[in-house]
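Student: Please guide me through the strands and the nonpolar core of the model shown here.

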Amino acid sequence: PTAQISYIECRKDTYAYDVLANTIIPPFNSCLRRLRKSCVVVVTYLSINERVAKSIVIPKGTPMATVRLDLDKGMGCWKLSYQGGASITLLPSLFKPDFLRNDFKIFKAISNFHA
């Protein structure tokens with residue numbers, strides 16, 4: 001399924017085009033280019049007492065087999081790591097250090113963003 005998440009239209013014959021072209025359009029286009037090179041994985045924790053989910057944007061083409069979740073005991077938080085050595089710290093207020101690893105699930109929710 002496809003879901004539209006944004007839309008912007010500029011016409012060259014209006015004053016607004018010049019303002020937008022010099023302010024919001026360059027960073028907006030840059031964000032769109034990064035988004036097209038990304039996918040979304042969802043980390044869920046489901047137990048009898050807790051239900052937590054967090055969506056995380058990672059590079060498109062990252063093999064799911066390389067996506068790992070590890071507890072950083074020194075920091076007291078869970079870290080999501082993936083191919084290339086990158087890691088993302090999950091908020092300890094959401095994903096508590098005493099959560100059990102077997103209660104976590106990671107899956108790809110969005111594999112492709114369209115322009």
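**Strands and core**

Student: In strand 5, which residue is the bridge partner of S81?

Tutor: This is a predicted model, in which local features need pLDDT of at least 70, side-chain atom pairs count only at pLDDT 80 or more, and totals for chains, interfaces and linings use all residues. Residues are numbered from 1 along each chain as its sequence is written, and side-chain values use heavy atoms, with hydrogens and water left out. Strands are DSSP runs of E with at least two residues, numbered from the N terminus. Four bridges join strand 4 to strand 5 (residues 86–89), which run antiparallel, and the partner of S81 is S87.

Student: Which residue takes a positive phi in the hairpin of strand 4 and strand 5?

Tutor: This hairpin has three residues between the strands. The phi in question is near 95°, and the residue is G84.

Student: What is the order of the open sheet of three strands?

Tutor: Two strands pair if DSSP finds at least two bridges between them. Nine bridges join strand 1 (residues 38–46) to strand 2. The edge strands, each pairing on one side only, are strand 2 (51–59) and strand 6 (104–110). With antiparallel pairing, the order is 2-1-6.

Student: Which residues have the most contacts inside the largest nonpolar core?

Tutor: Such a core is a set of buried (under 20% relative accessible area, 1.4 Å probe, protein chains only) Ala, Val, Leu, Ile, Met, Phe, Trp, Tyr and Cys residues joined through side-chain atoms within 4.5 Å. Strand 1 gives the largest share, four residues. Of the 16 residues in this core, those with the most contacts inside it are V43, F95 and F104.

Technical notes
Buried means under 20% relative accessible area, exposed over 50%, partly exposed in between (1.4 Å probe, protein chains only).
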